[in-house]
Amino acid sequence: MTARMNRKDVQRKMAQDLGVPLASGEVVWLEPGAFGLPRSVEPLRLAIVHWLQFGRRALLRGCNGASGSSTRIVAGAPDLAATLDWAANRSEDCYLVDCFHEVNVSPNVLVFVPADPDRAVRFVAATDQILDGGLSHAGNRFPSTAVLLDEMIDHALALGRRLQHEGYAGWVGCDFCEYLDEQAGEPALFFAELNARINGACYPVGLATRWWAAAGQDAGAFVAGFAASGARSFTRLASRLDQQLLRPDRRDGVLPYNTSCLAHGYCAAMVLDRTAQAAAQRWTQFLGVAGDG
């Protein structure tokens with residue numbers, strides 16, 4: 001059931017049923033051929049060409065795949081040819097093709113779905129996703145800067161209740177996008193996808209919440225993501241960071257985690273500080289220190 005709920009076509013239908021806003025687009029199915037590859041990608045070509053009429057770019061997403069791993073942005077004929085060649089060599093048989101919007105912020109709204117249907121779905125936290133140029137997830141920032149965050153939280157809770165009705169229990173991260181509706185002249189939102197699992201925001205949200213609660217302090221700000229590192233062990237990285245490391249007697253600092261990846265030249269980390277601006281500055285400083293060869 002969890003695998004089904006993580007399919008983007010299933011999520012799109014669920015959102016439509018609940019009246020959750022979606023980007024203009026469609027679901028495209030490809031007929032399977034030899035070796036599980038599509039017999040033809042012509043239906044995909046027709047859909048992309050159609051949605052390119054409504055903007056400079058179209059967004060293609062495979063219905064399976066997490067963290068943007070099956071996402072392509074199509075800006076014109078060269079991109080279209082490369083995208084169709086990519087799709088022709090994948091076993092994916094279902095795609096979403098949407099009109100591409102210039103997104104100002106993309107919050108991840110984290111909710112928890114209890115196994116007991118008599119218990120309410122609970123809002124946990126909202127963070128802004130850090131996305132790379134290909135829209136792959138690269139980290140999270142707290143607090144969210146979305147203007148329409150309250151609406152997003154309401155939609156996330158509704159999606160969580162539907163999942164609870166279907167028998168799912170556990171963490172759910174709902175991704176939304178906020179953009180400027182040029183015709184209305186005001187912000188608008190759409191639902192992008194959900195992750196019916198623990199996602200990249202869960203650990204930094206959990207740690208920051210506990211850290212601030214233990215200190216008896218109001219919530220501050222954090223940035224979490226991945227960093228290249230010239231230090232190939234935690235001992236060496238800690239030596240570089242020195243007083244920047246998060247310590248029990250401090251509210252702010254750097255906490256590396258997934259440090260076994262340091263042997264491969266990178267790790268995950270988060271920085272905590274009092275304000276979003278201070279956390280952003282501390283993150284930039286950390287990237288410089290960690291990446292110094």
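Figure 1. Glu193 is buried, with a relative accessible area of 11%; buried denotes under 20% relative accessible area, exposed over 50%, and partly exposed in between (1.4 Å probe, protein chains only). Glu193 belongs to strand E10, which covers residues 186-195. Helices (H or I, at least four residues) and strands (E, at least two) are DSSP runs, numbered from the N terminus. Residues up to four places away in sequence aside, Glu193 touches Lys8, Gln11, Arg61, Gly173, Cys174 and Asp175, where contact means heavy atoms within 4.5 Å. Residues are numbered from 1 along each chain as its sequence is written, and side-chain values use heavy atoms, with hydrogens and water left out. Since the model is predicted, local features need pLDDT of at least 70 and side-chain atom pairs count only at pLDDT 80 or more, whereas totals for chains, interfaces and linings use all residues.

**Figure 2. Ser70 in the loop between strands E2 and E3.** The loop that holds Ser70 runs between strand E2 (58-62) and strand E3 (71-74). Ser70 is buried, its relative accessible area being 2%. A polar atom of the Ser70 side chain lies 2.8 Å from the backbone oxygen of Asn64. When neighbours within four places in sequence are left aside, Ser70 is in contact with Lys8, Leu60, Arg61, Gly62, Asn64, Gly65, Trp86 and Arg90. Lys8 and Arg61 are among the contacts of Ser70 and also among those of Glu193.

**Figure 3. Helix H6 and the glycine that follows.** The 13 residues of helix H6 (residues 202-214) should span 18 Å at 1.5 Å a residue, and the end C-alpha atoms are 18 Å apart, which agrees; the expected span is 1.5 Å times one less than the number of residues. Buried residues in H6 include Cys202, Pro204, Val205, Leu207, Ala208 and Trp212. Just after H6, a positive phi of about 65 degrees is found at Gly216.

Figure 4. The protein chain contains 8 helices and 13 strands. Its C-alpha atoms fill a box of roughly 60 × 50 × 40 Å along the principal axes. For 293 residues, a compact globule would have a radius of gyration near 19 Å, and the value of 21 Å for the protein chain agrees; this radius is taken over C-alpha atoms, and the globule rule is 2.2 Å times the number of residues to the power 0.38. Of the 293 residues, 48% count as buried. Among contacts between residues at least 6 apart in sequence, 64% join residues at least 24 apart.

Terms used
Polar contact = N/O pair within 3.5 Å; in protein donor to acceptor, adjacent residues only side chain to side chain.
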